[in-house]
Amino acid sequence: MKWNKYTITTTTEAEDLVSSMLNDLGIEGVEIEDNIPLTEEDTAKMFIDILPELPPDDGVSRMSFYLESGEDHSEKLAQVRAALEELRRFADVGSGEITESEAEDIDWINNWKEFFHAFTIEADREDSGSASNRWDIRIKPTWEEPEAGDEDRILIEIDPGISFGTGKHETTQLCIRQLMKYVREGDEVLDLGCGSGILSIVSLKLGAGHLVGTDIDEDCLTSTYANFEVNHLARELGDFYVGNLIDDPALQEKVGAERYDIVVANILADVIIPMAPVIPARLKKGGIFISSGIIDFKEQEVVSAIEAAGLEVVSVAHQGEWVGITARKR
């Protein structure tokens with residue numbers, strides 16, 4: 001089925017009024033595009049590897065709604081235009097221009113799957129001490145069949161579900177490469193901002209003995225445990241908690257102190273910086289802190305925060321515009 005897409009050019013100030021007006025006219029499911037900075041609450045609801053960096057807010061909003069193609073919508077559009085002019089009497093609705101385009105009936109939840117296919121992260125042969133590919137990690141979506149040669153790799157299956165984290169983003173791969181370098185048999189690993197569970201699963205597949213993970217939204221824990229099951233990992237191998245380690249003493253107590261061989265955090269620079277002071281207390285002596293989600297121009301700020309917390313930076317890696325920083329507890 002095809003749909004007619006109608007986009008109103010208005011102002012961010014009038015978004016709520018226009019949404020309410022459209023709802024009153026029987027139009028639901030409004031799509032809003034603007035450059036308003038995300039609030040902390042909005043950020044907490046976005047389950048993707050890296051949050052979008054928006055251009056400055058210009059006060060313009062584009063609000064789209066969909067009506068079934070092939071029908072005469074002139075009366076409905078006339079109602080919308082009249083209602084916009086009524087709103088203009090007491091609010092700045094901008095130009096109020098309505099543009100039309102055609103859209104396919106898309107399965108929005110599953111459409112993105114066509115862009116996620118299996119891929120391989122190759123081990124550093126020097127670190128693994130082997131020329132074999134048995135140390136390579138093959139990450140594939142649950143809906144694809146294994147390929148020839150996958151049996152010789154560490155195979156990880158992921159269904160990101162409501163928590164989007166496939167391992168394809170540069171920051172996730174930066175973390176995975178460091179996990180491949182540092183995880184040892186039986187290690188205790190702490191995954192901060194576990195998302196879909198990709199880094200937790202990688203750690204366990206590499207030989208970690210137990211995993212503790214945290215995230216600020218409980219939906220991420222649902223995705224993580226679902227991916228544990230897909231990868232034939234017992235739930236008992238991981239304990240997961242909801243909360244913010246930065247300022248939650250109860251969570252800090254649950255997570256424990258001087259317990260971990262490795263702490264990994266693929267979050268954002270602006271989260272890693274305030275989190276840095278609580279990391280050393282989680283690590284054993286000689287323990288490793290792996291961090292990414294760091295845009296390149298934030299590199300020095302994060303390095304400074306990690307060093308100020310008492311950790312020694314041992315390596316900095318770059319992939320695209322992203323940075324991974326690895327540090328050790330002295």
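Let's start with E85. At 45% relative accessibility, E85 counts as partly exposed. Keep in mind that this is a predicted model.

What does E85 pair with? Its side chain meets that of R88 in a salt bridge, 3.3 Å from N to O. R88 is partly exposed too, at 33% relative accessibility. Both residues sit in helix α3, three residues apart, so about one helical turn separates them. An α-helix has 3.6 residues a turn, so residues three or four places apart point the same way.

Now the helix itself. α3 covers residues 74-88, which is 15 residues. At 1.5 Å a residue, it should span 21 Å. The C-alpha atoms at its ends are 21 Å apart, so the two values agree.

Which residues of α3 are buried? They are L77, V80, A83, L84 and L87. Looking down the axis of α3, these buried residues fall within an arc of 125°, so they line one face of the helix.

Next stop, K298. This residue forms a salt bridge with D270, with the closest N and O atoms 3.0 Å apart. K298 lies in the loop between β12 and α11, and D270 lies in helix α10, so the pair ties together parts 28 residues apart in sequence. Buried or exposed? K298 is buried, at 17% relative accessible area. D270, at 52%, counts as exposed.

K298 has another partner. Its side chain meets that of E301 in a salt bridge, 4.0 Å from N to O. E301 is partly exposed, at 42% relative accessibility. Shared partners join D270, K298 and E301 into one network of salt bridges.

And the overall count? Nine salt bridges.

Methods:
Residues numbered from 1 in each chain as written. Predicted model: local features only at pLDDT ≥ 70, side-chain atom pairs only at ≥ 80, totals over all residues. Heavy atoms only, no water. Helix = DSSP H or I, 4+ residues; strand = E, 2+ residues; numbered from the N terminus. Expected span 1.5 Å × (residues − 1). Buried < 20%, exposed > 50% of the residue type's maximum accessible area, 1.4 Å probe, protein only. Arc of directions from axis to C-beta.
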